[in-house]
Amino acid sequence: MSLNKVMLIGNVGIDPTIRYTQTGVCVAQVRLATTDKGYTLPNGTQVPERTEWHNIIFWGKLGEIVEKYVRKGDKLYVEGKIQSRQYDDKQGIRRQVTEIMASNMEMLTAKPQQPEAAEAEPTDKPPF
């Protein structure tokens, strides 16, 4: 038996990168930061805060939701699986990248409510 599952809660580092495949499927990429807080060991040694950056890929409807609603600074909960791939860069150097292929997402940053349109007073109302 094996399991490949990732659950992250973090902050979006830059606005999502959006592209569409030739068949019209939305693909959104987000850089998500997760941070382990710093602490002090019993012997007085300071362990600094550590931030990890994750490349998250959203396909299809999830990608469309990310395109419409997710922005830099938003807090997200993401579930998915780890996937690694290799490619050759422009200089011909072999590179490896590790990504999280998202299967579920929840936006944790509260969005401001849209103010309800004030009811306009009718202009043809008689002045009594």
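Q: In which sense do strand 7 and strand 8 pair, and over how many bridges?
A: This is a predicted model. In it, strand 7 and strand 8 pair in the antiparallel sense over 13 bridges. Arg85 stands opposite Val97 in strand 8.

Q: Why do strand 7 and strand 8 count as paired?
A: The rule asks for at least two bridges between two strands. Strand 7 and strand 8 have 13, so they count as paired.

Q: What lies between the two strands of the hairpin?
A: Strand 7 and strand 8 have 5 residues between them. Gly92 is in the turn, with a positive phi of about 85°.

Q: What makes strand 6 and strand 8 a pair, and in which sense do they run?
A: They share 3 bridges, in the parallel sense. The cut-off is at least two, so the pair qualifies. Ile56 has its bridge partner in strand 8, namely Ile100.

Q: Which residues does Ile56 touch, leaving out those up to four places away in sequence?
A: Ile56 touches Leu8, Ala28, Gln29, Val30, Leu32, Val78, Ile100 and Ala102. Ile56 is also among the members of the largest nonpolar core that touch the most other members.

Q: What makes a set of residues a nonpolar core, and which members touch the most others here?
A: Members must be buried residues of the nonpolar kinds listed for a core, joined through side-chain atoms within 4.5 Å. The largest such core has 16 residues. Leu32, Ile56, Phe58, Val66, Leu76, Val78 and Met105 touch the most other members. Strand 1 (6–12), strand 3, strand 6, helix 1 (60–69), strand 7 and strand 8 each supply at least two residues of this core. In soluble globular proteins, nonpolar side chains tend to be buried together.

Q: Why is Asp74 called buried?
A: Its relative accessibility is 8%. Buried means under 20%, so Asp74 counts as buried. Asp74 lies in the loop between helix 1 and strand 7. Beyond four places in sequence, Asp74 touches Gly10, Asn11, Val12, Tyr69, Thr109 and Lys111.

Q: Why is Leu108 called partly exposed?
A: Its relative accessibility is 38%. Buried is under 20% and exposed is over 50%. The value falls in between, so Leu108 counts as partly exposed. Leu108 is found in the segment after strand 8.

Q: Which residues does Leu108 touch, leaving out those up to four places away in sequence?
A: They are Ile9, Lys75, Leu76 and Tyr77. The C-alpha atoms of Leu108 and Asn11 are separated by 9.6 Å, with the two residues 97 apart along the chain.

Q: What makes a space a cavity, and which residues line the largest cavity?
A: In a cavity, a 1.4 Å probe fits but cannot get out. The structure holds 1 cavity of 30 Å³ or more. About 30 Å³ of space lies in the largest cavity. Val70, Asp74, Lys75, Leu76, Met107, Leu108, Thr109 and Lys111 line it. They divide into 4 nonpolar, 1 polar and 3 charged.

Q: What makes a residue part of a pocket lining, and which strand gives the largest share to the largest pocket?
A: A lining residue has an atom within 4 Å of a point of the pocket. Strand 3 gives the largest share, 3 residues. The lining of the largest pocket includes Thr17, Ala28, Trp59, Arg85 and Glu99. The largest pocket holds about 190 Å³ of space. Its lining divides into 5 nonpolar, 3 polar and 3 charged residues.

Note on methods. Residues numbered from 1 in each chain as written. Predicted model: local features only at pLDDT ≥ 70, side-chain atom pairs only at ≥ 80, totals over all residues. Heavy atoms only, no water. 1 Å grid on protein atoms, 1.4 Å probe; cavity = no way out; pocket = protein on both sides within 12 Å on 5 of 7 lines; lining within 4 Å. Points joined across faces, edges and corners; volume = space filled by probe spheres on them. Helix = DSSP H or I, 4+ residues; strand = E, 2+ residues; numbered from the N terminus. Nonpolar A, V, L, I, M, F, W, Y, C, P; charged D, E, K, R; others polar. Buried < 20%, exposed > 50% of the residue type's maximum accessible area, 1.4 Å probe, protein only. Contact = heavy atoms within 4.5 Å.
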